[in-house]
Amino acid sequence: MLLELKIPDFADKVLQMLKNGGFEAYFVGGCVRDSVLGRIPHDWDICTDARPDEMKNVFEGLHTEEIGIRHGTLTVFSDNKPVEVTTYRCDGEYSDHRSPDKVSFVSDLKSDIMRRDFTVNAMCYDPKNGLTDIVGGEEDAKNGIIRCVGEPSLRFEEDALRIMRALRFSAVLGFEIEKNTCAAMWEKKHLLEYISAQRIFSELSGLLCGAYAADVLREYGGIIAVIIPEISRCFGFEQHNPHHMYDVWTHICKSVEICRPERDIRLTMLLHDIAKPLCAVMDENGTGHFKGHQQMGAELAYGILKRLCCPNDVTERVCGLIREHDDRIPVERGAVKRFIAKYGYDFFMDYLEVRRADTYAQSEYLREEKLRDLDSLAAIAIRLEEENACLTTAQLAVGGEDMLSLGLSGKAVGEALRGALGAVISEEIKNEREEILRYVKDNFL
Ligand code: ATP
Ligand code: MG
């Protein structure tokens, strides 16, 4: 039976324009893989025997972008949506383990298929002839297998990023990595050192957000350790503490599994306890303690994320969460207010999520109490948000001019406002003009 994929009109238009121009054209790669798996593709790529100049002719009149044209890729906008069209190519020598020295355009589909990374990514489809699958991609997709096209160790030697891609696809799709492909990944893992930090970071982020990320981390931690050697110390590191039932790495993997699949939160969980082995001390009762691991963990994470070219705002957020992840603030309005005043509401909610994931990945000892506290803290924060509680000087019922008319000037203005905010936050006074002015008069004049 002919496999029929649902092709959106905007993508089909582009394919038909190539065919009407007398060229071969197929949907290829991720869109075919995802369709075969019953997942919704997020973009539609086309391969064709049309050369770049010929493609430009075919799409004359349409908006196109030529950023990838040297590698044979023209981005065509159809109904305002981008479709990447790439000339069949076969890649030349790879001397740097990451990109071909030169690419050659070819006229046969088979060469283009053979340069692709995994069998599930090497299927082609056109509505007239159905699936073209010369490397067994459909079978591997059905069986949930990631397998290199061709000889795995050669393919990873050409481009070591494929090692991270295999892990990412495995984490996202829940696929097993085929035996020879897997063996070659372990054998060639050191070549990841040649890959640019940006590309690694992008694959790592995709991996961490996969539904099966924890399984991949557990099984392939030794490969991830090539890019983040700091995690190696955590492998099998026992905690000897009633709050914990797993070694540090197993705990980390569990915590990644439990939290929401959002990049920053998952990066936080991946790195939150990396300093534990460095801070571990055992007391006379044989109980392990890890004093200072949050602070040192945040410092290590900062170095790692900088090295991986993680965007600065993400690095700040992740390191902030790591620094605070073990700070058990009291369950009371004042403490929550002070925390939110310092870091903001969203950060507080992220902090609670990190602590919840951390708790679920610990032993059951006091778990109920810990989770109850987290729920209460969340309820307090939500209530404060609803009340529009005053947590910044900008929300005070008085402003700088009021301080000036009281006779304050220069630095004293800010000091008085911050003092008043402190009193409002601690609920010593209400956020009302008269009360604040009185407070300032009593304390700052
Ligand atoms: P997704 O878009 O969901 O990440 P994808 O399979 O579409 O998955 P892309 O990075 O968009 O991945 O690449 C499109 C296709 O190009 C792949 O399906 C694969 O056939 C090929 N490809 C991409 N990167 C490589 C690579 N490093 N080596 C070999 N082939 C690759
Ligand atoms: Mg894609």
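Predicted model: local features only at pLDDT ≥ 70, side-chain atom pairs only at ≥ 80, totals over all residues.
Student: How do I read polar contacts here?

Tutor: Look for pairs of N or O atoms within 3.5 Å. Arg33 places a polar side-chain atom 2.9 Å from an oxygen atom of ligand 1. Asp159 has a polar side-chain atom 2.8 Å from a nitrogen atom of the ligand. Asp117 uses its backbone: an N or O atom there lies 3.2 Å from a nitrogen atom of ligand 1.

Student: How much of ligand 1 does the protein bury?

Tutor: Alone, ligand 1 exposes 580 Å², and the protein buries 78% of that. The space it takes is the largest pocket.

Student: What should I make of a positive phi?

Tutor: Most residues other than glycine have a negative phi. His240 has a positive one, near 45°. Glu427 also has a positive phi, about 65°.

Student: Where are His240 and Glu427 found?

Tutor: His240 is in the loop between α10 (213–227) and α11 (248–258). Glu427 is in the loop between α20 (411–425) and α21 (433–444).

Student: What is the relative accessible area of His240, and that of Glu427?

Tutor: His240 has 45%, so it counts as partly exposed. Glu427 has 44% and is partly exposed too.

Terms used:
Residues numbered from 1 in each chain as written. Chains lettered and ligands numbered in written order. Heavy atoms only, no water. Polar contact = N/O pair within 3.5 Å; in protein donor to acceptor, adjacent residues only side chain to side chain. Areas by Shrake-Rupley, 256 points an atom, 1.4 Å probe, with all protein chains shown as cover. 1 Å grid on protein atoms, 1.4 Å probe; cavity = no way out; pocket = protein on both sides within 12 Å on 5 of 7 lines; lining within 4 Å. Sits in = over half its atoms within 2 Å of the grid points. Helix = DSSP H or I, 4+ residues; strand = E, 2+ residues; numbered from the N terminus. Buried < 20%, exposed > 50% of the residue type's maximum accessible area, 1.4 Å probe, protein only.
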